[in-house]
Amino acid sequence: MPALSLVALVSLVSTVFANIHPPQQQHRHWAQICSGNPTNRIRGCDRYGCGHFGADRHSGKGRHGGGGGKHTGVDVICADGATVYAPFGGQLSGPIRFFHNGNAIDDGVQIRGSGYCVKLVCIHPIRYQGQIRRGQVLGRMLPMQRVFPGITSHIHVENCDHSDPTHLLKPVVPPFPQYKDSRWATLCSGNPTNEIRGCDRYGCGYYGAPRHSGKGRHGGGGGKHTGVDVICADGATVYAPFSGQLSGPVKFFHNGNAIDDGVQIRGSGFCVKLVCIHPIRYNGRISKGQVLGRMLPMQRVFPGITSHIHVENCDHSDPTRNLERGKVESV
């Protein structure tokens with residue numbers, strides 16, 4: 001065969017193969033779509049309906065996805081205001097008006113590329129045109145609770161050909177890749193190094209500090225301090241030190257005072273209770289560094305104390321080393 005013909009044949013075969021298997025399809029699973037939902041968990045059922053592909057869509061005024069028929073997309077759980085990421089690289093086009101009524105969540109965008117085409121609805125994109133990369137910030141989740149109070153807030157994900165995207169949403173990696181990173185993130189805004197409370201008239205904040213008995217004493221009842229007190233101003237924003245599953249509430253004082261609230265996080269090889277905070281929710285997944293809640297008004301209960309988050313490992317071991325690693329992240 002002449003050399004020129006051989007080159008032409010190779011070129012033809014390469015072109016055909018590329019059309020069948022676009023190079024980007026090495027990513028056979030999409031990236032995380034919403035912050036706080038690393039596994040692209042799909043909405044279950046609530047009073048407005050169900051989030052899986054093919055779910056019944058009831059007709060009736062005010063119903064979410066109303067009008068009868070079947071659900072032609074999948075609802076990926078996403079908290080109002082959360083950051084939204086591109087599931088794959090491609091070309092943006094929009095806006096997408098899903099409800100056609102201009103309500104607070106009637107916005108979205110289409111992405112075409114990497115062998116896929118999808119519409120992401122109930123989000124406000126950073127732009128409606130141009131290229132975007134896989135995992136790049138796409139926009140933010142719109143206030144779904146304002147339109148459908150009590151619904152499980154979510155992004156409506158719909159393939160352009162109305163096929164089922166569920167298998168593409170499942171992550172190809174373990175749900176918590178931070179397992180390899182044993183450093184905890186900053187817990188409290190204003191304290192990037194997770195500085196531990198020293199000593200004041202209520203006691204000391206280090207692990208193992210004596211806990212004096214007596215009415216009104218912080219952590220009273222005798223014994224040793226089984227946690228660490230991370231300095232945090234009243235009302236400050238609190239962040240998740242690692243990714244995991246939330247459970248709570250955790251009632252440390254068992255008296256219903258102004259700071260008797262908290263939550264447990266289990267995952268990424270750790271289990272910890274964070275007390276004297278009010279979490280944004282008591283159950284579900286959370287990502288490392290995501291907003292967890294706010295610091296409660298400790299000064300109202302213990303005037304003059306160094307306000308702090310009580311951080312206690314579930315097995316009562318010393319969490320100090322993990323907290324000190326926050327210093328590395330802040331550099």
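This is a predicted model: local features need pLDDT of at least 70, side-chain atom pairs count only at pLDDT 80 or more; totals for chains, interfaces and linings use all residues.

Biologist: Which side chain does the side chain of His-308 join in a polar contact?

Modeller: The side chain of Asp-229, at 3.4 Å. The limit is 3.5 Å, so this pair, at 3.4 Å, also counts.

Biologist: Where is His-308 placed, and is the residue buried or exposed?

Modeller: His-308 is in strand β22, residues 308-313. Its relative accessible area is 0%. Buried means under 20%, so His-308 is buried.

Biologist: How do you know whether His-154 is buried or exposed?

Modeller: By the cut-off of 20% again. His-154, in strand β11, has 0% relative accessibility and therefore counts as buried. The side chain of His-154 makes a polar contact of 3.4 Å with the side chain of Asp-75. A polar atom of the His-154 side chain also lies 2.7 Å from the backbone oxygen of Thr-152.

Biologist: Turning to the cysteines, what makes the link of Cys-45 and Cys-50 a disulfide?

Modeller: The sulfur atoms of Cys-45 and Cys-50 are 2.0 Å apart. A disulfide requires a pair of cysteine sulfur atoms within 2.5 Å, so the pair at 2.0 Å qualifies. A search of the whole structure finds six disulfides. Counting bonded cysteines along the chain, the pattern is 1-4, 2-3, 5-6, 7-10, 8-9, 11-12.

Biologist: Why is the disulfide of Cys-45 and Cys-50 called right-handed?

Modeller: Because the torsion about its S-S bond is about 110°.

Biologist: And what accessibility labels do Cys-45 and Cys-50 get?

Modeller: Cys-45 is at 56% relative accessibility. Exposed means over 50%, so Cys-45 is exposed. Cys-50 has a relative accessible area of 18%, and the limit for buried is under 20%, so Cys-50 is buried.

Biologist: Why is the disulfide of Cys-117 and Cys-160 called left-handed?

Modeller: Because the torsion about the S-S bond is about -65°. The pair links distant parts of the chain, 43 residues apart: Cys-117 is in strand β7 (residues 116-121), and Cys-160 is in the loop between β11 (154-159) and α3 (166-169). The S to S distance is 2.0 Å.

Biologist: What is the handedness of the link of Cys-271 and Cys-314?

Modeller: Left-handed, with -65° about the S-S bond. Cys-271 is in strand β18 (residues 270-275) and Cys-314 in the loop between β22 and α5 (320-324); the pair links distant parts of the chain, 43 residues apart. The sulfur atoms are 2.0 Å apart, which means the pair meets the 2.5 Å limit. Cys-271 is buried at 12%, and Cys-314 is partly exposed at 23%.

Biologist: How many bridges hold β16 and β17?

Modeller: Three, in the antiparallel sense. Ser-247 has Gln-264 in β17 as its bridge partner.

Biologist: In the open sheet β4-β10-β8, what makes β4 and β8 edge strands?

Modeller: The sheet has three strands in that order, with antiparallel pairing. β4 (83-85) and β8 (123-125) each pair on one side only. The twist averages 40° from one strand to the next. Between β8 and β10 (residues 137-141) there are three bridges, and His-124 has Arg-140 in β10 as its bridge partner.

Conventions: Residues are numbered from 1 along each chain as its sequence is written. Side-chain values use heavy atoms; hydrogens and water are left out. Two strands pair if DSSP finds at least two bridges between them. Helices (H or I, at least four residues) and strands (E, at least two) are DSSP runs, numbered from the N terminus. Axes are lines fitted to C-alpha atoms, for helices over the stretch in contact, and angles run from 0 to 180 degrees between N-to-C directions. Buried means under 20% relative accessible area, exposed over 50%, partly exposed in between (1.4 Å probe, protein chains only). A polar contact is a pair of N or O atoms within 3.5 Å; within protein, one must be able to donate a hydrogen and the other to accept it, and residues adjacent in sequence count only if both atoms are side-chain atoms.
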